[in-house]
Structures are given as structure tokens and as C-alpha cells.
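The following paragraphs lead through a structure, element by element. Please keep the coordinates open while reading.

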Amino acid sequence: MNLTGILEVVRLSDVGLRREHNEDAVASEPEAGLVVLADGMGGYKAGEVASEIAVLTLVSSIRERLLEQPAGKADEDSGLLRESLILRDAVHQANSAIYNVSQSQPQCAGMGTTLVAAVFTDDRVCVGHIGDSRMYRLRGDTFTQLTEDHSLLNEQLKSGLITAEQAKVSNNKNLVTRALGIDPEVELELHEYEVQPGDIYLLCSDGLSDLVEDEEIQLTLSTLSANLELAAHQLVQMANDNGGKDNISVILARPLRPFPAKRDWLGRLTGWFR
Amino acid sequence: MAKLILTLDGAFLGEHDLDKDLLTIGRRPNNDVHIDNLAVSGSHAVVRTIGNDSFLEDLDSTNGTIVNGKPIKKHILQHGDVIELGKYQLKYVNEATVNAAAGGSPADFEKTMIIRPSAMKAAAPAPSPSIAAKLQSTTTVQETLKAAAPSPHEDAPVGHVQVLSGPSAGRELVLNKALTTLGKPGVQVAVITRRPHGYFVTHVEGTRHPVVNGQSVGAQAHELNDHDVIELAGVKMEFFLSKG
């Protein structure tokens, strides 16, 4: 579906204060309703390669398909939107692309990347993620983390091995349990959410979420909602003011008005009875 | 790798690397850290290590386990922690943490790494946190960095804004949040951000940019000095710093 003029998107990626390279990669195609963020890992420069392949593969393989796909059609087997399946296909392609390079290029052995990607369509958003890059939503006064990290720390939290207080001082923040490009196959976690105009969606790497508390992020987004560009810069600056120990990337996306799928008369009829 | 240093009244007795999932401490000879003293229980405490974290757990010992002067049941060890068992002391040292804090190789800490799901599964069914974290190289996180970074202004003077003109002249605003917006939404809005090294005013919305001491500051962040006069949406206000 074409979202030209409907989706406002701002993206920003910063190397931080302590690293020499930026291993994060971000991309957006507002007209196709697509935003993508990846945080690469691996030896000398390989992390950059992995995140870059992920983002480029995703954008190039799904941009056209998203624009051509009639919006809001659900897949009969899975119940997911077709757009979700397009996203999943593309993530599998990206996984193979990274894995193949890491197998054939010794200097890239073992590289991988986290990923968080969102597709806006038919008043909904399809959210896919792998690893500890996150997506949040600010709706009115409510700030919600939509993704659940695939990380050792989060597994420990969920199983009750450690408390949220202990998690804050944990040394295991950097261990992810799922990543793109490490194995021949990868499982993308996929969810769909309804969207309201004025919602602000934040995609970010752990360089932000580890260093800036959720409350501060929320305060920034709500205070600076009139100027998303400035909000993005402010978030990066806060992470740097708190040490900037990792690369920091943010994407902010805001639907300005509703974007329901155009339905034919049969679609409208069945739409009423959904 | 992290380790525990055992001392008695300041005298060095031994050193134990935390290189396995479980390290036991007690009076019985089969413990990894064997302390032959009646104040120490037969099986006194254990240290479970998962990835870069070590958890100290007291095993319902008779005299308890004390960390940094406080009795604990379960504690996540931080570099420099001192564990007391009777008269004996165990100091927790995490060298990677220290090196990085001292400006060690920036390439080597806080790197995101994958921990293999196979290693996770091995540990998943049991409640025991003995996860075989197969790290490919020693990488450590730097939480101390966060603490060492310019901490949010504990003793720094706090900024205030006092309105000088217009209907709310005399009104005062304390800038104690990270961000405070000023102005009229839809007309002209600016934000004052509180940073470790000072206060900055930045344009948010509207066709006109904020004016400081008679000069337009443009769209960029502008550092505020004590007694600067800011003009926004036709209203003048003074920025000043004061303690508390």
C-alpha cells in the first residue's frame, strides 16, 4: 500500500563516544510503510557488514512487493497479514545472505545482527524482531515496549532467576539468544498491532535502551512530539551524555492520519462482519 | 575472568577463579573454597556464574553471609564487593570490568554477542541457573561506566526560569527535568534541556527561533548562561542558576 504523505519518519544513527565503528544500520521507505533497524556484531568491521546486508536485503526485496500488495489481505493458513509474510520471507533471505558471506569470507566468520522491522498497512503495523533491538509505542500518555528482547537477561527475568533490580546491574546485557545470519535458519518473532493516528513508534538499538531509562525516553517523545527530528537528536544526546558506550540508533515513525485499505463492495461487506 | 580473593585479617590466603558454573564455599573439605573455621557452616554459600554475572547465594548458613556489611540471601556480585564469612573475607574482582573502566580497548567491551540457543536449552529445564555460557572471547560489560560518566548533576546548580513580561510576569519555573518546554504550542515552542554540563535551549516549533540576549539562536541548541534573557512568543524570561 502506498503511504506517501501519511507516515512521518525520522531516523538517526550515531557512533557513540566509545566505539570506532558504527555497526548499526537503519533504513526507511515511508511510502512503502517500511522501517528497519539492525545492530551488527562480529569481529573487525564484520558487524557493519552484517547489519548493512540485513537492511539492504530487506529494503530491496520487499519495497516493490509492499507497494504492489493490496493492503489488508490476510493469509488463510496463518491468519497473518500478507505483509507480515512478505516481511518474514525477506528476513529469511537476509539471513541466508549474511550466513553465506560469513561462511565464505574468513574475516566475516561468525558475524550476525539483531533486527527490528515494521510494516505499516491498513491501519495496522506488522512488527518483526530478532535479538535485543526494540520497538516502543507512545500513545497518549502510555509508553509501551512492543518487542520482548531475545537476550539471556530477559530469559533470566522471565524465568524468575533474577529480579528487575538485579537486571539493572547485570553484566549480561550484551548476550542475545537469537540473531540474524548466525545459523542457516532463523525464526522471526512477528506481531501485528492496530495503529492510531498520532501514535509515535520508536525503533532503537540497545545503545539507547541500555543507557536511557524508559521514563526519560517517554518524556522526550511526549515533550518534543511537535518536532520528531529534534526528539531523535535529543535521545541520541541523552545516551551520549550517559556514557555513549555503544552505537546509538533511533527511528521515529508517526502515522498522521488513518490509512485503511480500500475495499471493494464484498470486502466492505465482510469487513462489517469481521 | 572474575575471581574471588580470600583473606584473613588482611593476609592473603588464596585466589579462586570463577571459571565454572558453580563454586561452593564452606567448612567441609569438599568445598571449592574450603575455610576451616567454626564460624563457617559445612556448606555455607555458593557462587553461580552465568555469562559475565556471578550470583552469591547463602545456603541457610548458621552465621549468614555478609556482603559489604549487609546480610544477603542472594546477591549479584559487583566488582569490589567484599563477602564476609566469620573473620574471613572474600573479595570479588572482575578484571575485565576494571580494564575497560580504565579506558581499556573500546573494541572489547559491551559488544553484543550471540549466546547459542543450544547452551540455553541445556539450562532451560532446570531452575538452576547453571547456563553453560559458551563465550567465544572474554567480553565484559561496563556498568561502572554508567556510574563513572558525569552523573546527573547531584551538586550542580539547578536552572530556573522567571517570566519577566506578559500576563504571567513573575512566575517561576524550576528546570529539574531532563526537558522542559516553553512557549505557545502551534505558535512558538522551545525546549530547555538539562545536560551534565549545563542547560541548553533549542527551537522546537514555529516560524520564529528563540532569541537569547537579543540575538536569534537559530535552530541549533544554544548553551544558557546565568541571567540570560530568553524571548519566546513575545514573552521575555530570565534564566538563572541556584543551588537546590
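At what angle do helix H1 and helix H2 of chain A pack, and how far apart are their axes? In this predicted model, H1 (residues 46-68) and H2 (residues 82-104) of chain A meet at an angle of about 145°, and 9 Å separates their axes. The crossing of H1(A) and H2(A) is right-handed. On the side of H1(A), the contact is made by residues including Val49(A), Ile53(A), Leu58(A), Ile62(A) and Arg65(A). H2(A) contributes, among others, Glu83(A), Ile86(A), Ala90(A), Gln93(A) and Val101(A). By class, the residues of this contact between H1(A) and H2(A) are 15 nonpolar, three polar and two charged.

Further along chain A comes a set of paired strands. Strand S7 (residues 134-139) of chain A is joined by five bridges to strand S11 (residues 200-204) of chain A, and the two run antiparallel. In this pairing Arg134(A) lies opposite Cys204(A) of S11(A). S7(A) also pairs with strand S8 (residues 142-145) of chain A, in the antiparallel sense and over four bridges. There, Leu138(A) has Phe143(A) of S8(A) opposite it. S7(A) and S8(A) form a hairpin with two residues between the strands, where Gly140(A) takes a positive phi near 60°.

Helix H6 (residues 214-223) of chain A links this region to the other chain. Its buried residues are Ile217(A), Thr220(A), Leu221(A) and Thr223(A). What do the buried residues of H6(A) pack against? Within chain A, they pack against S7, S11 and helix H7 (228-241). In chain B, they pack against strand S15 (179-184) and strand S16 (188-195).

The contact between the chains takes 40 residues from chain A and 38 residues from chain B. On the side of chain B that touches chain A, the elements that give two or more residues are strand S12 (113-114), helix H2 (117-123), helix H3 (143-148), S15, S16 and strand S17 (198-205) of chain B. S16(B) provides the largest share of that side, four residues. The side of chain B that touches chain A divides by class into 20 nonpolar, ten polar and eight charged residues. Strand pairing also crosses from one chain to the other: strand S9 (residues 175-176) of chain A and S12(B) run parallel and are joined by two bridges. Val176(A) stands opposite Ile114(B) there. The model scores ipTM 0.80 and pTM 0.80.

S15(B) and S16(B), against which H6(A) packs, belong to an open sheet of four strands in the order S15-S16-S17-S20 (chain B), with antiparallel pairing. Which strands stand at its edges? The edges are S15 and strand S20 (222-223) of chain B; each has a single partner strand, so one side of each is left without a neighbour in the sheet. Inside this order, S16(B) and S17(B) run antiparallel and are joined by seven bridges, with Val189(B) opposite Glu205(B) in S17(B).

A further run of antiparallel pairings in chain B passes through strand S21 (residues 229-232). S21(B) is joined to strand S18 (residues 211-212) of chain B by two bridges, and Ile230(B) in S21(B) is the bridge partner of Val212(B). Four bridges connect S21(B) with strand S22 (residues 235-242) of chain B, where Val229(B) stands opposite Glu238(B). The hairpin of S21(B) and S22(B) has two residues between the strands, and Ala233(B) in the turn has a positive phi of about 50°.

Elsewhere in chain B, Lys87(B) sits in the loop between strand S10 (82-85) and strand S11 (88-94) of that chain. Is Lys87(B) buried or exposed? Lys87(B) is exposed because 12 other C-beta atoms lie within 10 Å. Its contacts beyond four places in sequence are with Leu8(B), Asp9(B) and Ala39(B). Ala39(B) is 48 residues from Lys87(B) along the chain, with 8.0 Å between their C-alpha atoms.

The mean is highest in S18(B), at 96, and lowest in H3(B), at 38. Over residues 120-152 of chain B, pLDDT stays under 50, and the model has 70 contacts beyond four places in sequence for them. Residues 102-109 of chain B also stay under 50, with twelve such contacts. Where pLDDT is low, the predicted coordinates should not be read in detail.

Key:
Residues are numbered from 1 along each chain as its sequence is written. Chains are lettered from A and ligands numbered from 1 in the order in which they are written. This is a predicted model: local features need pLDDT of at least 70, side-chain atom pairs count only at pLDDT 80 or more; totals for chains, interfaces and linings use all residues. Axes are lines fitted to C-alpha atoms, for helices over the stretch in contact, and angles run from 0 to 180 degrees between N-to-C directions. A crossing is left-handed if the near helix is turned anticlockwise from the far one by less than a right angle, and right-handed if clockwise. Two residues are in contact if their C-beta atoms, placed from the backbone, lie within 7 Å. Ala, Val, Leu, Ile, Met, Phe, Trp, Tyr, Cys and Pro count as nonpolar, Asp, Glu, Lys and Arg as charged, and the others, Gly among them, as polar. Two strands pair if DSSP finds at least two bridges between them. A residue is buried if 20 or more other C-beta atoms lie within 10 Å of its own, exposed if 12 or fewer, and partly exposed in between; C-beta atoms are placed from the backbone. pLDDT is the predictor's confidence in each residue, from 0 to 100.
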